[in-house]
Every structure is written in C-alpha cells, then in structure tokens.
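Dear colleague,

I am passing on the structure that we spoke about, with the sequence alongside. Please open both before reading the notes that follow.

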Amino acid sequence: MSDATDVVDAQIEAFRAKDVERFLSYYADDVSVVLFDGTPMFKDKEVMREQYGKFFADSPDLRVTIANRATAGEFVVDEEHLTGAHFEGMPDEYDALGVYRVMEGKIARLMLLF
C-alpha cells in the first residue's frame with residue numbers, strides 16, 4: 001500500500017457507502033475530472049456534489065469492484081466494474097478505467113474512460 005492507494009481506496013469505500021461528503025473529502029478543492037480525451041466532466045467540487053449526490057440517491061443497488069490496479073508513484077490506475085448505476089445516458093452496468101493522481105493526500109486529477 002502507498003499513500004496514493006490509501007486515498008483512492010478510502011474514496012472507493014465512501015463511493016460504496018454512497019456518502020457524498022466523505023467521498024468528496026478525498027478530492028482536492030481544485031480537482032480536475034476529465035474524460036480521456038481531455039473533455040472536462042465537472043467544473044468544480046460543487047458540481048461533483050450535485051451530480052454524485054443524485055447518482056448515489058438514484059442508484060440504491062450501486063456496486064463497484066476493482067478488477068485490476070496498477071500504481072506508479074502518485075498515480076493509481078483502476079479498472080472498475082460498476083453495476084446498479086442509474087445515471088442519464090449511461091448503462092446500468094459498465095466498466096471504466098480511472099487514472100487517479102494523488103498529491104498532498106488528495107485526488108488532484110481523475111481521468112476517466114468509459
């Protein structure tokens with residue numbers, strides 16, 4: 001385990017608990033969340049709070065498992081499998097790749113590939 005994996009693991013546990021405030025506590029105030037092509041997903045943590053709050057509330061059966069993980073210093077790359085997800089425009093079950101960059105104990109950047 002490393003500091004980076006500890007932070008990512010803690011936010012995954014908060015995700016599983018659908019605890020939006022605890023989930024967001026692992027993200028830097030100026031976090032950058034983007035798709036792999038660079039398209040921004042959320043402009044700030046307040047938008048994340050709104051979107052994840054709705055996502056958690058609308059997805060009572062939400063589950064996430066980590067199928068594979070690679071780490072390199074401050075980077076954690078997770079292959080995630082989600083089920084029970086209810087979010088407009090997304091299937092109920094899908095795989096995603098998340099590339100987390102952890103700096104100073106917080107997730108500073110997250111790149112997602114769906």
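Is Ala 57 buried or exposed? Ala 57 is exposed, because its relative accessible area is 59%, where buried means under 20% relative accessible area, exposed over 50%, and partly exposed in between, with a 1.4 Å probe and protein chains only.

Before the rest, a word on the source. This is a predicted model, in which local features need pLDDT of at least 70 and side-chain atom pairs count only at pLDDT 80 or more, while totals for chains, interfaces and linings use all residues. Residues are numbered from 1 along each chain as its sequence is written, and side-chain values use heavy atoms, with hydrogens and water left out.

Ala 57 and its surroundings

Ala 57 belongs to helix α3; helices (H or I, at least four residues) and strands (E, at least two) are DSSP runs, numbered from the N terminus. From C-alpha to C-alpha, Ala 57 is 7.8 Å from Lys 18 in space, although the two are 39 residues apart in sequence. Lys 18 itself sits in the loop between α1 and α2, and it counts as partly exposed because its relative accessibility is 25%. Its phi is near 60°, a positive value in a residue other than glycine.

Lys 18 is also one of the residues that Ser 59 touches, the others being Gly 84, Ala 85 and His 86, when residues up to four places away in sequence are not counted; contact here means heavy atoms within 4.5 Å. Ser 59 is placed in the loop between α3 and β3 (63-72), and it counts as buried because its relative accessibility is 0%. A polar atom of the Ser 59 side chain lies 2.8 Å from the backbone nitrogen of His 86.

The core and helix α1

The largest nonpolar core has 29 residues, and those with the most contacts inside it are Phe 15, Phe 23, Tyr 27, Met 48, Tyr 52, Phe 55 and Phe 56. Such a core is a set of buried Ala, Val, Leu, Ile, Met, Phe, Trp, Tyr and Cys residues joined through side-chain atoms within 4.5 Å. At least two residues of this core come from each of α1 (3-17), α2 (20-25), β1 (27-35), α3 (45-58), β4 (75-83), β5 (94-103) and β6 (106-113), and α1 gives the most, with 6 residues. Leaving aside neighbours within four places in sequence, Phe 55 is in contact with Phe 15, Leu 62, Ala 85, His 86, Phe 87 and Tyr 94.

Helix α1 has 15 residues and reaches 21 Å from its first C-alpha to its last, close to the 21 Å expected at 1.5 Å a residue, the expected span being 1.5 Å times one less than the number of residues. Its buried residues include Val 8, Ile 12 and Phe 15.

Asp 78, in strand β4, counts as buried because its relative accessibility is 0%. Its side chain makes a polar contact with the side chain of Arg 69 at 2.6 Å; a polar contact is a pair of N or O atoms within 3.5 Å, where within protein one must be able to donate a hydrogen and the other to accept it, and residues adjacent in sequence count only if both atoms are side-chain atoms. Beyond its neighbours within four places in sequence, Asp 78 is in contact with residues including Val 8, Ile 12 and Ala 96.

Ala 96 is placed in strand β5 and counts as buried because its relative accessibility is 5%.

The largest pocket

The largest pocket is lined by 22 residues, of which Met 41, Tyr 52, Tyr 94, Leu 112 and Phe 114 lie nearest its centre. On a 1 Å grid over the protein atoms alone, a pocket is an open set of points where a 1.4 Å probe fits, with protein on both sides within 12 Å along at least five of seven lines, and lining residues have an atom within 4 Å of a point. At least two lining residues come from each of α1, β1, β2 (40-42), α3, β4, β5 and β6.

With best wishes
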